[in-house]
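Subject: Structure handover

Hello,

The structure we spoke about is below, followed by notes on what was found in it. Please read the notes with the model open beside them.

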Amino acid sequence: MYKGKTVAVVVPAYNVAAQILQVLKAVPPFVDWIVVVDDCGTDETSKVLTQVSDPRMVVLKHETNQGVGGAMVTGFQRALNDGAELIVKMDGDSQMDPDYLTTLLDPLEEGFGYAKGNRFLDNDRLRAMPAYRLIGNYGLTFLTKLASGYWHIFDPQNGFIAIRAEAVKRLDLDRLAKRYFFENDMLVHLNILNVRVKDVPIPARYGQEKSSMRLWEVLLTFPWYLFRRFWYRIYQKHVLRDFSPIALFWVFGTSMFTWGLFFGIYSWAKSIIFNEIATTGTVMLSVLPFLLGFELILQGMILEIKDSPK
């Protein structure tokens, strides 16, 4: 137990035969349960897990690969059934230092419902992060802030997380993203429930592990996922649960901004192709909706920043 609370560590394990033993041996004694979800990999992970004799550990095996989100849903359900009060996610590739478990759990005792690591708060160790991950995280951070509504949160891709069991019980686990989008999607669903989230400074730790996530996959899928989740959150939080002017600002602002932008591009292209000067009325039909839409979007964003649970 940790400060009187039972703790479960969920370890999604996919092709981590080379690192999983190191991860499991390093789990601190105060952890009550270790739930390893063998996510149907192609290496010797299943065989390696049979070598572990820790009585706290239970291994759950998927018959088909479900991704990190699917593995975490399975782990969450088992941890809740076992009576865990605090649940931590630790990946099986040894990127998450167990020495920081208490640092991650402390905010949950302070009233936060969810805590996550932030590698960007440690300048000394930040240099250890590969350049492409650094650049990608900056871009994804802004898009996730917009989609989730947690504007004070950074490094949303960080998978070192801890959550109170009460928060997990309120989540619709079937709606959570099953693959790499899991961490970002958690923030979207938590914001809908007004769960307080805190960033915890935890340095990056990279070894010889190889990520199965490809850059092209992120660029092609994440923006679309975040776009859909943004509107899902706006509807769920600002329309369905508590009607708010934020929804009006975003809906009308986005519509007017989009019209102004594309009508302006169309008018400009037409004037170039046919060598025609656009009339004042035509210009205003583009400029006014564009500027008003931008102002409404900005107001919606400001209200969301103030409304974000901290």
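Lys3 sits in the segment before S1, where helices (H or I, at least four residues) and strands (E, at least two) are DSSP runs numbered from the N terminus. Its phi is near 55°, a positive value in a residue other than glycine. Most residues other than glycine have a negative phi. Lys3 counts as exposed because its relative accessibility is 54%; the classes are buried (under 20% relative accessible area), exposed (over 50%) and partly exposed in between, with a 1.4 Å probe and protein chains only.

Asn194 also has a positive phi, near 60°, and is a residue other than glycine. Asn194 lies in the loop between H8 and strand S7 (197-201). With 44% relative accessibility, Asn194 counts as partly exposed.

Before going on, note that this is a predicted model, in which local features need pLDDT of at least 70 and side-chain atom pairs count only at pLDDT 80 or more, while totals for chains, interfaces and linings use all residues. Residues are numbered from 1 along each chain as its sequence is written, and side-chain values use heavy atoms, with hydrogens and water left out.

The chain as a whole

The protein chain has 11 helices and 7 strands. Its C-alpha atoms fill a box of roughly 80 × 40 × 40 Å along the principal axes. Of the 310 residues in the protein chain, 49% are buried. Among contacts (heavy atoms within 4.5 Å) with a separation of 6 or more, 78% are between residues 24 or more positions apart.

The protein chain exposes about 15500 Å², and carbon and sulfur atoms supply 61% of that area. Accessible areas come from the Shrake-Rupley method with a 1.4 Å probe, and for residues only the protein chains shown count as cover.

The strands

Two strands are said to pair if DSSP finds at least two bridges between them. Strand S1 (residues 7-13) runs parallel to S4 and is joined to S4 by 4 bridges. Within that pairing, Val9 has Val88 of S4 as its bridge partner. S1 is also joined to S2 by 6 bridges, again in parallel, and here the bridge partner of Val10 is Val35 in S2. In S2, 5 of the 6 residues are buried, so the strand is mostly covered.

Which residues of S4 lie on each side of the strand? Leu86 and Val88 are on one side of S4 (residues 86-89), Ile87 and Lys89 are on the other, and all of them are buried. In a regular strand the side chains alternate between the two faces of the sheet. S4 also pairs with strand S6 (residues 161-164), in the antiparallel sense and over 4 bridges. In that pairing, Val88 stands opposite Ala162 of S6.

The nonpolar cores

A nonpolar core is a set of buried Ala, Val, Leu, Ile, Met, Phe, Trp, Tyr and Cys residues joined through side-chain atoms within 4.5 Å. In soluble globular proteins, nonpolar side chains tend to be buried together. The largest core here has 31 residues, and those with the most contacts inside it are Phe76, Ile87, Tyr114, Ile163, Phe182, Met186 and Leu190. Among the elements that give two or more residues to this core are strand S2 (33-38), strand S3 (57-61), helix H3 (67-82) and helix H8 (182-192). H3 gives the most, with 6 residues.

Leaving aside neighbours within four places in sequence, Ile163 is in contact with residues including Phe76, Leu86, Ile87, Tyr114, Met186 and Leu190. A second, separate core has 30 residues, including Phe30, Leu49, Met96 and Leu101.

Phe227 is in helix H9 (residues 215-241). Phe227 counts as partly exposed because its relative accessibility is 44%. Phe227 and Thr279 are 52 residues apart along the chain, and their C-alpha atoms are separated by 35 Å.

Leaving aside neighbours within four places in sequence, Pro289 is in contact with Met256, Phe257, Trp259, Gly260 and Met284. Pro289 and Thr64 are 225 residues apart in sequence and 50 Å apart in space, C-alpha to C-alpha.

Regards
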